[in-house]
Amino acid sequence: MGNRLTQIATRTGDDGTTGLGDNTRVSKDSPRPHAMGDVDELNSHLGLLLCEPMPQDVRELLIDVQHQLFNLGGELSIPGFELLKDEALLQLDEALAHYNAALPRLQEFILPAGTRAAAQAHVCRTVARRAERAVVALGKQEAMRETPRHYLNRLSDLLFVLSRVLNRMDGGDDVYWKSERLARAATE
């Protein structure tokens, strides 16, 4: 990987460009920095989620996800470099199967609400979707591996499932959307 930062205020970005890990400079509004920024924001939101009480196995999974997102950010910062491994995607698939198995089937849409931890997991989910869109946009302009896109897609699904797990942590439940159509159907 590129050089490690030893000085933070370099002023090299004052011209509207940012340095990539391969020592090239690109405009800060180009697709690669957008994707890098969205992945970084997602990692920061996960850090906030980790401040909340949660089961230890969920905590350990999310900490590992943070490391994988750092790998993904590193991969995005160096065009053509591979840092996020397929095993990281497999870990998400296994976690999805594990946590989904214990949840009741959804009968209706749920709102991004409930406990603070569940609501923060939903914030992480939406940022993961934005990061995925940014990676898709980057992939339309430059050749990229599929693993980063797949990872973000699976991660957003997992964060939805974990929000449901976190809402049930102390005997709670999902917060269901009050569909007018379903309400009418129930009274007919």
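Okay, let's start. The model is predicted. Keep that in mind throughout.

The overall make-up comes next. The protein has six helices and two strands. What order do the elements run in, from the N terminus on? They go β-β-α-α-α-α-α-α. How much of the protein is buried? Of its 188 residues, 37% count as buried.

Now, helix packing. Two packed helices are described by the angle between their axes and the distance between the axes. We have two pairs to look at, and α2 is in both.

Pair one is α1 with α2. Helix α1 covers residues 31–49. Its angle with α2 is about 165°, and the axes lie 9 Å apart. Angles over 145 degrees count as roughly antiparallel, so α1 is roughly antiparallel to α2. The crossing of this pair is left-handed.

Pair two is α2 with α5. Helix α2 spans residues 56–77, and helix α5 spans residues 147–167. Here the angle is about 155°, with the axes 12 Å apart. Therefore α2 and α5 are roughly antiparallel to each other. Their crossing is left-handed.

Which residues make the nonpolar patch? They are Phe109, Leu111 and Trp177. The patch comes to about 330 Å².

Where does Phe109 lie? Find the loop between α3, residues 86–101, and α4, residues 116–141. Phe109 is in that loop. Is Phe109 buried or exposed? Its relative accessibility is 61%. The cut-off for exposed is over 50%, so Phe109 counts as exposed.

That's my tour. Thanks.

Notes. Residues numbered from 1 in each chain as written. Predicted model: local features only at pLDDT ≥ 70, side-chain atom pairs only at ≥ 80, totals over all residues. Heavy atoms only, no water. Patch = residues over 30% accessible without salt bridge, like charges linked within 9 Å, V, L, I, M, F, W, Y side chains within 5 Å. Areas by Shrake-Rupley, 256 points an atom, 1.4 Å probe, with all protein chains shown as cover. Salt bridge = Lys/Arg side-chain N within 4 Å of Asp/Glu carboxyl O. Helix = DSSP H or I, 4+ residues; strand = E, 2+ residues; numbered from the N terminus. Buried < 20%, exposed > 50% of the residue type's maximum accessible area, 1.4 Å probe, protein only. Axes fitted to C-alpha atoms, helices over the stretch in contact; angles between N-to-C directions. Parallel < 35°, antiparallel > 145°, perpendicular 65-115°, else oblique. Left-handed = near helix turned anticlockwise from the far one by under 90°.
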